[in-house]
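Good morning, and thank you for joining.

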Amino acid sequence: MIRRFTLPSFIISFTVIVITSCVDHNLGSPFIVECDSNTTVSYTNDVAPIILAKCAGCHNSSSGLPDWTVLGNLQESGQEVQRRITLPLTDPGKMPRTGSITQAEREAIYCWIEQGAPNN
Ligand code: HEC
């Protein structure tokens, strides 16, 4: 009697544990961004709209946080911006703090900074 119930429940528990640890692992990994040196990212067309939609709700001229709608602020804090947007989702310092950005949006900001954060 006991054996008939123990094996299936062991298999179920094992499967659940494996799946859960895979999911946790994904959330806990930093994001890898690869920049294509043949593609120039535009501040005006690519980066500024993402900042407006995904960062400026908190990072604006009245919040007391760094205002990322000001180009010079982004240029000065480039490395920290790159670091924050690639932190694992489980990291309390990840940006955006709430909401999310797509990998394409992450790449645009990250690679524009990699290209020297030009006013283009
Ligand atoms: C929901 C509000 C919110 C959103 C949206 C948000 N941030 Fe932040 N951000 C914060 C807060 C609060 C802090 C200060 C606490 C901290 O350093 O984690 C911060 C800090 C930062 C810092 C560190 C600033 C410093 O002085 O060193 C960077 C860089 C940053 N955010 C980048 C971004 C970027 C890029 C986006 C958009 C992709 C973004 N944040 C979206 C709330 C937000």
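I will go from the overall fold to the core, then to the ligand shell, and finally to some backbone details.

Two conventions come first. This is a predicted model, in which local features need pLDDT of at least 70 and side-chain atom pairs count only at pLDDT 80 or more, while totals for chains, interfaces and linings use all residues. Residues are numbered from 1 along each chain as its sequence is written.

Let us begin with the fold. The chain has 5 helices and 0 strands, and from the N terminus the elements read α-α-α-α-α. Helices here are DSSP runs of H or I with at least four residues, strands are E runs of at least two, and both are numbered from the N terminus. Of the 120 residues, 18% count as buried. By that term I mean that 20 or more other C-beta atoms lie within 10 Å of the residue's own; exposed means 12 or fewer, partly exposed is in between, and C-beta atoms are placed from the backbone. As for contacts between residues at least 6 apart in sequence, 65% join residues at least 24 apart. Two residues are in contact if their C-beta atoms, placed from the backbone, lie within 7 Å.

I turn now to the core. Which residues have the most contacts inside the largest nonpolar core? They are Val47, Ala108, Ile109, Trp112 and Ile113, in a core of 16 residues. Such a core is a set of buried Ala, Val, Leu, Ile, Met, Phe, Trp, Tyr and Cys residues joined through C-beta atoms within 7 Å. Two or more residues of this core come from each of α2, α4 and α5 (103–114), and α5 supplies the largest share, 6 residues. As general background, nonpolar side chains tend to be buried together in soluble globular proteins.

Helix α5 has 12 residues and spans 16 Å from its first C-alpha to its last, close to the 16 Å expected at 1.5 Å a residue; the expected span is 1.5 Å times one less than the number of residues. Its buried residues are Arg106, Glu107, Ala108, Ile109, Tyr110, Cys111, Trp112 and Ile113, and what covers them includes α2 and α4.

Beyond its neighbours within four places in sequence, Val47 contacts Val41, Ala108, Ile109 and Trp112. Ile51 is buried, with 22 other C-beta atoms within 10 Å.

Next, the ligand. The shell around it holds 20 residues, of which Cys55, Cys58, Met95, Pro96 and Arg97 are the closest; a residue is near a molecule if its C-beta atom, placed from the backbone, lies within 6 Å of it. Helix α4 (residues 78–85) gives the most to this shell, with 4 residues. By class, the shell has 10 nonpolar, 6 polar and 4 charged residues. Here Ala, Val, Leu, Ile, Met, Phe, Trp, Tyr, Cys and Pro count as nonpolar, Asp, Glu, Lys and Arg as charged, and the others, Gly among them, as polar.

Is Cys55 buried or exposed? Cys55 is buried, because 24 other C-beta atoms lie within 10 Å. Cys55 sits in the loop between α2 and α3 (71–76) and touches Trp68 and Pro96, not counting residues up to four places away in sequence. Pro96 belongs to the loop between α4 and α5.

Finally, the backbone. Most residues other than glycine have a negative phi, and most peptide bonds are trans. The bond from Met95 to Pro96 is cis, with omega near -5°. Ala117, in the segment after α5, has a positive phi of about 45° although it is not a glycine.
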